[in-house]
Structures are given as C-alpha cells and as structure tokens.
Amino acid sequence: MHNQRILIMSHGHPEINKGGAEVAAYNMYKELERAGQDVYFVARTAQTPHGGAAFSTRNTSREILFHTTMDDGFLFSNLKTRHIWQEFRDLLQLIKPDVVHLHHYFLFGIEVLQEIKHTLPEAKVVLTLHEFLAICHNKGLMVKTDGKLCYKASPRDCHGCFPEKQPGDFFFREKYLKALFQNVDHFVSPSHFLKQRYVDWGLQDHQISVIENGQPITPCAQKSEQSSGRVHLAFFGQINPYKGIDVLLKALSILPDSVAKKVSVDIYGANLDKQDSSYQKQVKKLLKKVRHLVSFHGAYESHEMPDLLAGADWAIVPSVWWENSPMVIQEAFSAGVPLIVSNIGGMKEKVQHQVNGLHFRAGSATDLADTIEQCLEPDVIQQCSGNIIPTVSISECVTQHLALYSQ
C-alpha cells in the first residue's frame, strides 16, 4: 500500500501556544516525519499575516500557519473570516491528504470539519477529543459555575449555569455540534474516562478509539541528591482556578510543624498574572503563609522537564476539574517519579492508588495534607516508584494511529 499523505491540524503551534493538545499534535507530526511518512502540519494562529494572506509557513514549507478567527464561542462558529474558507479549500486541494487528523476544531471554527469533508470526500477525517468542549459551555471543564463537578449536561442544567442562555439555546447548540461531528469518520480519546463521557453524550462507542498521547523518549536526567533531607514535591502546569494550586497551598498551610519541616515544594507554573485579580490575591496570600516550604519558579519550557523532575520525589496534580490525560502524568512516569493526584477523571484512571501514586479527595485540602504526610514514608516512596512502568512512547502512539488511518 502506498504511503498515505497525512495532514495534522492543531488549534495552535506549540512554539506560539504551549497547551498540551498543541504539543501532542506537534509531537505526532514530528514523529510521523521522522518515520518517513508524507506529512503536513497546519496550525491556527491569531498572529496578523503579512499582506493579509490566509496562510504562512513556519520552520519548513510543510509547517503552515492558518490565520483565522473563531467569533462565536458558544457554537464555535467562524463568522467574520468565513470568506477565507475558499483559501483553505484551495490548500486542501493542493496538499490532497488521504487522512486529515484534527487535534481540535476550537479556534478554526467547527465548520472546518464540513469544509474538509466537502472538499475531500474520500479523505479520512479523524478528530482527537482533548476535553469536553462540545458537551460543556464552561470552557469544556464539566464543572458548574458554582465550582461543583458536573456529571451530565442537559439544556436545563446548562441554563442554570448560564442563565443568559435559554435551555433551547443549549438544545440547538448540541444539535448543531453533533450535525458537524457527522463529518468525522473516527474519534480518538486519550483516556477511557473522556471516551465514556462522549458516549453518554451520544457518540457511538465503536466510533472512538482510546490512544494515549505518546511521549518523546528523552534521556532520564540523573536523580539529584537532596541535601536538605526533605521530601520534594513538584507542581507543573498552568496556574488557574481549575488546577487546584489553592488546594495544595491550603494543605501545606495546615500541615503539623513536625511534618512541614520534612517537606519542600517547587511550583513551576505560568499565567498567574493572566487570572482575575481576586484569584491572584488569594494565591499570593496563600503563598505568603507557606513561603518557608514553597519555591515559586514561574513558567518553564517542556525540554526542561527531565531536569526539573530529577529534583522531585513526587509530582502533584491537584486539579479540581476532571482532567483528561494530563501531560505531566506521562512526563513524571517517564522520569520514574510517582504522583499524588485528585481522585477523579483521567487522573484517577492514569494513576493507581498505592501502586504508582496516591489519590486524595478532589478539592479537599485536609485530605491532601493527610496524603502528603503519608507520602513522606520511605517505604511508600519506594513502593510507588518501583511500580512505575514506562508510558506509551510517541512512536507507539503513531503506530496505533497509522493502523487506525488504514482501517
């Protein structure tokens, strides 16, 4: 069989937007390229193009930036720049891919699915689902606007979260998104938990394959010796209300002194300055309380992860939303570092309690404080570290996708 021509599409280029889904898409593109596949990468960007063109290139002629906007955040619809769909159709005709694999429709506009299918009816359209955006208007988090976890969306409940929208608006939204999803031949989910949510919503079980986001194999950094004798915990990720940094800081503030003196915490996190002022104040106040335990390092680059993880005994993911397949879990396992995670969603699925990590009750600072005390025991560290098995590599991930493309 001839080598299929593959087009990978992402809602951002990771050199410009550093989200997990963008990195997952680009890692796939680079691995397909390394494996000798005929592959292109199209990433949406908000950057202004030279001379008003819809497309420009980055790094190589096969990495293409698509300059477009999504104007309707409710229906994910592209309105103002819909006139450039003709240029997108021309690009598709020029590349003529056999497979178009989108790692998102967000920011392109959901109509991108229809444009691909109408322009290339023979091409296989694959969509990776990275969170619950189609189901949940609250940033795809499946968390109610009062902070409670949401177990199932309904027009009436969604209206309760967003009273400015009528139940009928949510009913129409669901119908519209499902109609455009008809253009997708197959879906990919990085976790069984996320897949089940979409099956409950109405997608067919057989339409969704669970394939983990693979990790590039990086040499493990030498484990750094801890001179302080303390157990080192590390948090990596965005700092926003859903990532649970406040839960972590509250837990640290209630540790008994006898426990606190045995712990140190490194926080590597970006975007605190982009949050609303009340949240910034809350985090800064909590940080002040535990400054003797916590070092706040700000943003980091993904290539630094092996070295940063080499200094950690535990990585911690205290998110208060479900998460799907947080990159940090795979990265920690690749470095042989066990995890402390909230006991919900993709975190609960990926980390087995008292096997390769520890669970605590999501959102509970008290339970997290107890878990931190437990994680100081040398036999617990040893047991959880010893049970870590290597995560799916990017080459395994690509092999599974290539098999899917050929079905």
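**Strand pairing and salt bridges in a predicted model**

Biologist: This is a predicted model. Which residue sits in the turn of the hairpin formed by E3 and E4?
Modeller: E3 and E4 form a hairpin with one residue between them. The two strands, E3 covering residues 55–58, pair in the antiparallel sense over four bridges. The turn residue has a positive phi of about 70°, and it is Asn59.

Biologist: Which residue stands opposite Ile64 in E4?
Modeller: Strand E4 (residues 60–67) also pairs with strand E2 (residues 38–45), in the parallel sense and over five bridges. The residue opposite Ile64 is Val42.

Biologist: How many residues apart in sequence are the parts tied together by Lys117 and Asp185?
Modeller: The side chains of Lys117 and Asp185 meet in a salt bridge, 2.8 Å from N to O. Lys117 lies in helix H3 (residues 112–119), and Asp185 lies in the loop between helix H5 (167–181) and strand E7 (186–189), so the pair ties together parts whose separation in sequence is 68 residues.

Biologist: Is Lys117 buried or exposed?
Modeller: The cut-off for buried is under 20% relative accessible area. Lys117 has 17% relative accessibility, so Lys117 counts as buried.

Biologist: What separates Glu174 and Lys178 in helix H5?
Modeller: Glu174 and Lys178 form a salt bridge, with their closest N and O atoms 2.6 Å apart. Glu174 is partly exposed, with a relative accessible area of 23%, and Lys178 is partly exposed at 21%. Because they are four residues apart in helix H5, the separation is about one helical turn.

Terms used: Residues numbered from 1 in each chain as written. Predicted model: local features only at pLDDT ≥ 70, side-chain atom pairs only at ≥ 80, totals over all residues. Heavy atoms only, no water. Pairing = 2+ DSSP bridges. Salt bridge = Lys/Arg side-chain N within 4 Å of Asp/Glu carboxyl O. Buried < 20%, exposed > 50% of the residue type's maximum accessible area, 1.4 Å probe, protein only.
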